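Please look over the structure below before reading on. The report that follows takes up aromatic rings, charges placed over rings, and a strand with its partners.

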Amino acid sequence: MALTAHPMRLLATLLLLLAALASRGQGCAVSGTLADDNNGEAVGFAIVSMEGLDLRVQSDINGAFAFSNVPEGEWTLRVECLGYATLTRRVRCKGNVSLRLRLKPGSLALPEVEVMARSRGSKYTVGQTALEYIQPTSLADVMLLLPGSVYRENDLTRFTPISTRQVGSDDNSALGVSVMADGVAISTDGMRSQLVGLTQNGGSNDTEIAARSGVNQGVDMRYISTDHIQSVDFQRGISSARYGNLTGGTVQIHSKRGASPLRARLKSDLRTSLAYAGKGWRLGARGGTLHLGVDFLHATNDPRENMDKFNRLTAQAFYSNRFRLLGMPLDMDVRLSQTVTMNKMKKDELTYEYDETYKADYSRTALMWKATLNASRPWLDRLEAVVSADYTRDRVTRHKMVLSGSGPMNMPLAWQEGEMEGIYLPGKYYSDFHIDNQPVNINVQLHASTRFTLMQGLGTSILYGLEYTDVKNHGRGAVIDDPARPPFPYDNSYMRPRPNYAIPAMRTGAGYLQAGLALERGIHTLSLQAGVRATCPMNLPHDYWLNHRLMADPRLNVSYTVGSRWALTLRAGYGRETKMPTMDYLYPEKVYKDFYMLNAYTTEPERRHLITYTRIYDPSNRRLRPNTNNKWEAGADLAYGRAQLSLTAFYERSTRGFEYMTTYTPATYTVYTTLLPGADVSGRRPEKSDYVAEQYSLFNTFRRVMNSSKVTKRGIEYRLSLPEIKLLRTSVEVNGAWYQTDYASSLPTYWYPAAKIGGKEYPYVGIYDNGSRNRYSRLNTNVWLNTHIPRFKLMLTNFVQFVWLNTSQYSDNRCYDPQQYIDFSGAAHEVDATTLARIESQDGLWRYLRRTILPINYARDKKPVSVLWNIKATKEFGNGTKLSFFVNRIIDISPKYLSGSRVTRREWNDPFFGLELYYNFKL
Amino acid sequence: MQRFISRLALAMASLTIVFASCSSDDDIDNSVTIQFNAAPTVSGALDIATLQGATVDFTDVRSQDVKRFPLDAEGKAQVTINRGTYHISIDKTVQNAQGEDVVISLRMENVSVSEATPVIQGYVNSLPAKALGQDFIFSEIFFNGERNSGRMMHPDQYIVIFNPTERTLYADGVSIAVTQHLSWQNKQLWYDSYYPERVPVGGFITIPGTGQEHPVAPGERLVIAFTAIDHSAVEGYDHAVDLTGADFEVYFGPESKDVDNPDVPNVLITENADPYSYGFFLQPRGYVSPLMFRLADGTQTTIDAYVAANTSRSKTHVAAKDDTPEADIDVTILSVPTSTVIDAVQTSDVPQDVKTRVIPEVLDRGKFLVNGCHRQELCVRKVIEVGSRTFYQDTNNSTEDMVMQQGQNSFPKGWRDK
């Protein structure tokens, strides 16, 4: 605690010091007006930003905007407004600068159209033109533009976790990506799914639910419609200290805002149908603007199979206005958004026969209020307050047939430990249950910035702020309609789930401070951002390690640019990012395990006798810590005019990811299996007294969440962006990455030989320092050839993807013998020389602890080079109506290969095509 | 236009690659001539000249086409066939000096034929054409399972053994094992160190008793059920049968998803739980094959001594390759000497067939295949009626001796009296 609090104190001192210096100097002031190029009308509510300076303002109703305290130097000013092409302008800041800018309505008739992501360091931004051109159905489709992404079909009937800078995906990386809408994180931390069969705590698993739900795996991208998005930023590098509760960077969504004509979108392909309509109104001279949008999506995974479907209805209202407070401009945004989805399955032939169903109803209502005061005072440049509340109702309903394949099973009855008379379950029954989650997230943020010029050419900014989140789940949790008909009785483990509303709210306070320096000397520019973010979880049970624990994450980004026409930028960063455990991880349910003492089953019900012995296991981990990711990044960008070459190397290591560990706990109880010599139970119910009472010991297993998952990511991302080749009217972008991802665990391997020795359970569990790890590597190149013919208002894209290298390999310490073992006392013992000799001998008891290792397990799985070709084209007609068409996998060459396990494999996918229409009404 | 041409060229180039990879190789002459040599498994046990005139059959594994080649007096044959993988077999019945029929047979599965194997050596066995009926035989094996309420399961697996002799046999100590090697697998590293002299087993069950507790009269049967309950009475079990009349039950213990019928005594279970051993179970596709042998009695002491005496460790050193490390593969194996096996049936299913013979040819030179799993296909021995008594055919060739019956038999309480 002392260690973590220390940097905070240091930074607070620094802040005071800098504030004192603030009065020393001012930077330049940049102001201007925005007008429509066609009719000269003022363009209000456009976003005007200064790249690299974290300066962002909104134009007022008269199209006026102003920045103060801009460091001297040459900066890029960017104007984005719904319906207009993005405008960028290099601005030389010295003294007062006044600009008159004219915005052109977005059209393929313009000589330049931005259909790719633009990058600045490791931050990628996808603007509205590109967002429309991609023809996305969800945010997942947009990520293909990022270097290192590979194309894959987007199946909306399944949950797919977000993958970031890695080969494959893992729960912790997906959980650690912070998806934010207008600066407020979309939180899934309050979701909780505790029931044997759903939680990884139990033995059996409901695959229908597991495939469709992503508890503890972050944001479900299917729920995020791209139709309400004006632009989206992806920051996979070191995040600003402003952002927390993440390990894998941020996805920042900026909602559509401002006035615009009615615009409709219709999309249809083999799996999805989508319709959208949106319009922005100007509400009088002082009334601000209101933008409304509604979209509906219907998706199936297979056009021939309509019993597995996903429907999504989203609507969003975004209100913007500018007021004046004490003579200072105050921007106010209010956003109300609603998402309703329904995922329903009543699938294959078998399911028909069983009449089994799965239904997930999801509804999220979010309200956000944001006020930004552009104070432009020496001591306070900007003050921003955000209050957001959202309410989600997520209900998964299941009607499931339970049919024992091995005869009758035990009915869960016990609520306490000990011996009790049991009842057999019927061999076949239907179990109805639902999981009800109703998390309410409240988020309050206060941000301030101070900007001043310390000396000639040295701009300084101090950003600081506070954030408070409150997550409370009001749902009923897992509810089994008839507890005597459990849905997952298979291994006699049960939970007695508490309602989610009985779980206390998770409250987290955070504060940050970030100092920025921008030094310009001729053609040299040095910029630095150093910050720290401190987080403190509250309202946890007092014996939790996390409760009231203050944790600090340092973040640092440095960049140096030399040149003007030819410009070389070198950049480096280090940051630590922290993700708190979710409510599901923090509050697992106890596991009730029924052991059979007497298990006499006959055809005559009156002669059956079941006696069980119940033990209760608490899987909660009070020592649970957050997952942390240490990130290093270095990069170089070379720009010549509009051509750009970027290289980014990164190394990320997270060692405390959440992972379920199987815990072996011994249990000893009395069993009645062998009839006493001469005992005759014919015609009556057998009693304990008819049997030999025998002590029976075994190891019971349950799973406990631990901080043990280790993910190491290495990679080099590259991007070459070339301006249009005039002759071919084609601009080229080549990007890709080499990624190497290691998935490992810091836990030792526990191995239990399931041997019966003389009718008794095997008495030892071996503990092996195995160090197992799976390493995945991939090298890809994605080539985009964007052919743009403004005269015909035509855009044609050829996308060719090469995956040059795609390998995976398992490795471990090849540990044949255990270092420790657990016996029926529950104690762990070191394996000494004597025991080791027994294990390595033919000893009838100990030899089982020696493992057999097959070299084939270590073989490298190497896929051959694969090539994929997608095309898409958009033709624009009068009044901005656009017709688009795409064919994915028009060519897909994935040769067959011999896998590491010596099996011949081939990856095969069908071509996939669709149509889309954008229509602009003159309304 | 230039762009169009270059794109077209790319598309054409890609298509050429696609088509090239699909080109047919039917026209290429695939045939190869090799020599096949037959020799006795036990040197001097058989005059190889008796094979003259017999044929060696090569069955193409893919097409099931059979090509026959005559053997000369030295047991050799010139074989000209297409390259490929074949099952090789020889069957000839001759009379021995005592005038009894003896089958000379050979079975080799999945033999690769190419220039790399100019000579294929095969070892033939001479076997009595009729089993002598000295001890119990399997009369029914139900491993296939069924569908109940549409779901695949096999709760009512059972085995019936039969006394084919003219005297009372005692079941005490009679043990039924299943092979450790799966019939669909390629030969495991340890295969040749054990087969054909010993059969590695995953586990076995033993009928309890000190020696004379469970007499079985001549022509009488003994039923061993995995779970001796009335499965047909369980809700949803619409294709299961009543096994309450079983003589013995396999009860896997308190935590094994199994119930215990107190009216039916339990067999003793012995399992080898070393890695790559699957214990005692019947695989619904017949990938493990059952075999029967006899212990002196059915007591735990005798079993423990047997296990200790028949457990050995197979050690294989594997050299490092490009991407795999060197390793010592140690597998502990429990095996039954082939000479002590009293009956065995090589089982598998039609899709996989018998890739590797897991029951030595001297015990079963045939095979019994089910069409797939959970189809209620019962393996039952051909009935031979001798007067009023029922006997079963046993020629150590399950292709001939075993037939498939659709639907398993029911053994309700008191079935013997019905």
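## Aromatic pairs

In this predicted model, A:F650 is buried, and A:Y739 is buried as well. Across all chains the structure holds 50 aromatic pairs, and A:F650 and A:Y739 form one of them, an edge-to-face pair with 5.7 Å from centre to centre and 70° between the planes. This pair links distant parts of the chain, since A:F650 belongs to strand β34 (residues 643-675) of chain A and A:Y739 to strand β36 (residues 730-745) of chain A, 89 residues apart.

In chain B, the rings of B:F293 and B:Y306 form a stacked pair, with 5.3 Å from centre to centre and 20° between the planes. Here a strand is linked to a helix, with B:F293 in strand β19 (residues 290-294) of chain B and B:Y306 in helix α3 (residues 300-309) of chain B, 13 residues apart. Both B:F293 and B:Y306 are buried.

## A ring cluster and charges over rings

Ring pairs also link residues of chain A into a cluster, and among its members are A:Y664, A:F699, A:W846 and A:Y848. Elsewhere, A:R212 lies over the face of A:Y358, at 5.0 Å from the ring centre, while A:R851 lies over the face of A:Y768, at 4.8 Å from the ring centre.

## Strand β21 of chain B

Strand β21 (residues 327-337) of chain B is largely enclosed by the rest of the structure, because 10 of its 11 residues are buried. Strand β20 (residues 311-318) of chain B pairs with β21(B) in the antiparallel sense over 8 bridges, and B:V318 stands opposite B:A327. Strand β14 (residues 198-206) of chain B also runs antiparallel to β21(B), joined to β21(B) by 4 bridges, and B:V199 has B:V336 as its bridge partner.

How values were computed
Residues numbered from 1 in each chain as written. Chains lettered and ligands numbered in written order. Predicted model: local features only at pLDDT ≥ 70, side-chain atom pairs only at ≥ 80, totals over all residues. Heavy atoms only, no water. Buried < 20%, exposed > 50% of the residue type's maximum accessible area, 1.4 Å probe, protein only. Helix = DSSP H or I, 4+ residues; strand = E, 2+ residues; numbered from the N terminus. Pairing = 2+ DSSP bridges. Phe/Tyr/Trp six-rings, centres within 6.5 Å; stacked < 30°, edge-to-face > 60°. Lys NZ or Arg CZ within 6 Å of the ring centre and 35° of its normal.
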